[in-house]
Amino acid sequence: MSVMNNQGRQTTPTQTAVNEVETVSGNKGLSQRELLIFEVGTPRRTGVDFPERIGTKNRLGGQERTSEIGLPGLSEPEIMRHYVRLSQKNYAIDLGVYPLGSCTMKHNPRLNEKVARLAGFADLHPLQPQSTTQGAIELMGTLAHWIMTLTGMPAVAMSPKAGAHGELCGMMAIRAALDAKGADHKRRVLVPESAHGTNPATAVQCGFTIDSIPATDDGRVDMDALKAKLGDDVAGIMLTNPNTCGLFERDIIEIAELIHGVGGYFYCDGANFNALVGRVRPGDLGIDAMHLNLHKTFSTPHGGGGPGAGPTVLSDALSPFAPVPRIEQEGDTWKLVEDVEDADGDSFGRMTAFHGQMGMFTRALTYMMSHGSDGLKQATEDAVLNANYIQASLSDVMSPAFGGICMHEALFDDSFLKGSGVETLDFAKAMIDEGYHPMTMYFPLVVHGAMLIEPTESESKAELDRFIAVMRSLAQKAVSGKHIDMFKAAPIYAPLRRLDETQAARKPVLRWTSPEA
Ligand SMILES: *Cc1c(COP(=O)(O)O)cnc(C)c1O
C-alpha cells in the first residue's frame, strides 16, 4: 500500500494493515483522498465572474502587479469538495469525545454562534467611530465585568488574543511595575517543572531568567525548594492552578505571601480555570495577574490556530500598567481609550492592532449569561466530577500518576505498560482506531509517559462509560502481551497512518513547489 504525502508524492508507510486493499482512486470507501489545493486548482480557473471595472480610477501609480499571482483557482463545486473532504478527515468536538488534557475541549453551544452572527456585532469594522459601536463596546464592558466578578480581580486587559498572549500581557505588566520602581536587579522568575512550555517562554521574552522549582511526590510545588530559591532578585512566580497534573496547589496562599514577601509578583496561569469558576476566586488567593482562555473555559471554539482570546486580569498593583485600549464608561456613554497619553496610570502600551476578538467576546458573554452564576458553578462541578469518574473507573487497569482526588483532568503515567512493549504513543494511536481523539501525551513532563485526560462537563455518563470501556479494554490488551502488533501498527483506520513526526518537526515542508518548477 502507498499513500500520498503532502507533496503528492508516493511514500510507503512502515506498516501495512492486514486487510487493507489498495484502490485505484486512492479513496478508501467513502473517505476521499484529497490533494493540496495547489494541485487541484490552476491560476486560470475561477468560480466567480467579476464585472468589468467601470468608472474607477487606478490610483496605484504604476505599482500594480502585472504578472500572475499564481494562486490556485477552483470552480465552486471543486472548492466545496476540497474543503468538505478535508473537514471529513478531521476529528472535532462535534464528532465525539475529545479528551485532550489541558485544552478543555468542551461543547460550543450553538446559541453562542447565533449571537456572534448578529449583524450588529459581526459586521462592525474596528475603525468605525465609537459613537456607532456603543453596543459592541458595552458588550466588551459587560464581559469585562463578568470576568472581574468571577475572578475577584479589580481590572482586566481585554485585548490579548490567546492564553500565551495573556501571559505576555501579565509579564509585561510585571516588568513595567518593576521598572517603575527601578528594581532592575529583579530578573529571576520561578517556574514549577510541570508548567506549560509557554510560561518559561513568556518570561524569557520579557527579559527574565527562569529558575525551575521541582514537584513533590504528590505532584505539587515543593515548598522547601521554593523557599530555598527566594531572594531579593526574584521578580515573581508563574504558577498554574489547578496545576498541569490536574491537582489543586494547596499551598497557593502561602506561595503568594512568600513571593510578595520578597517584593515579587504572582502570575497565575489561568488555563485551567474551568475547574474553579464559581467555586474559587483567584483574587482571594493573592495573585497579581492571570489570563483566561475564553476558548477553553468559556466555550468559544478553538483548535487549528483559530482565533482565541486571552483576557488578563490584573491586581491593583499591576492595573496602572495595563495595556491600551481600555474600556471606560461615563454615564451612558462607552469609550475605548486608545492612546497611552489618554490612559490613567502608566500603561505599558498596546499589544494588538485593535481591541481583541469581538466574535469570541460575543460567544463567551452569551455562554456566561445563558448559564448564569449557578450554571457556571454547576459546569465546574460536573467537569471535576467527570474527571474523577474517569480516574476512578480506570485506576485498577491503568496507573494514576498521583493518588487522591483530581480536579478537572485525570493524569496517568505509563507504569501500567511496563514490560508490555506498548508505549504511551502506541496506546494513543490505538485509541484513534477506536474512534477517539487521543488524550494529551507526554505532558506534563514531570510524569513518565504521561496521559492527561480531560473529559470536560459536556460528556454524558453514557458517553463516558463508552469511553471508559474502550480505555479499559485497550489497557488490558496492552498488558496481556498478545496484541503488540496491533498497537505497533495503529492507527490502521486513520486517513494517514504513522507519520515521521521527527522529520515533520525538524524539517517541515512549509512551501509547496510545483513539480514543473
Ligand atoms: C492552553 C494553555 C496555555 C496557552 O494558551 P493558548 O491559548 O493556547 O495560547 C498556557 N498554559 C496552559 C496550562 C494551557 O493549558
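**Ground rules.** I'm working with a predicted model, where local features need pLDDT of at least 70, side-chain atom pairs count only at pLDDT 80 or more, and totals for chains, interfaces and linings use all residues. Residues are numbered from 1 along each chain as its sequence is written, and side-chain values use heavy atoms, with hydrogens and water left out.

Helices here are DSSP runs of H or I with at least four residues, strands are runs of E with at least two, and both are numbered from the N terminus.

Next I looked up polar contacts, meaning pairs of N or O atoms within 3.5 Å. The side chain of serine 102 has an N or O atom 2.8 Å from a ligand oxygen. Alanine 164 uses a backbone N or O atom, also 2.8 Å from an oxygen of the ligand. For asparagine 293, a polar side-chain atom sits 3.0 Å from a ligand oxygen. On its own the ligand has 380 Å² of accessible area (Shrake-Rupley method, 1.4 Å probe), and the protein covers 86% of that.

**Helix pair.** I then picked H11 (residues 424-433) and H12 (residues 461-480), whose axes come within 11 Å and cross at roughly 135 degrees. The axes are lines fitted to C-alpha atoms over the stretch in contact, with angles from 0 to 180 degrees between N-to-C directions. H11 and H12 are therefore oblique to each other, since under 35 degrees is roughly parallel, over 145 roughly antiparallel, 65 to 115 roughly perpendicular and the rest oblique.

Most residues other than glycine have a negative phi, and most peptide bonds are trans. I found a cis bond from asparagine 241 to proline 242, with omega near -10 degrees. Proline 242 is in the loop between strand E6 (234-240) and helix H9 (252-261). Another cis bond runs from valine 324 to proline 325, with omega near 0 degrees. Proline 325 lies in the loop between strands E9 (312-314) and E10 (326-330). Serine 299 isn't a glycine, yet has a positive phi of about 65 degrees; I found serine 299 in the loop between strand E8 (289-291) and E9.

Terms used: Polar contact = N/O pair within 3.5 Å; in protein donor to acceptor, adjacent residues only side chain to side chain.
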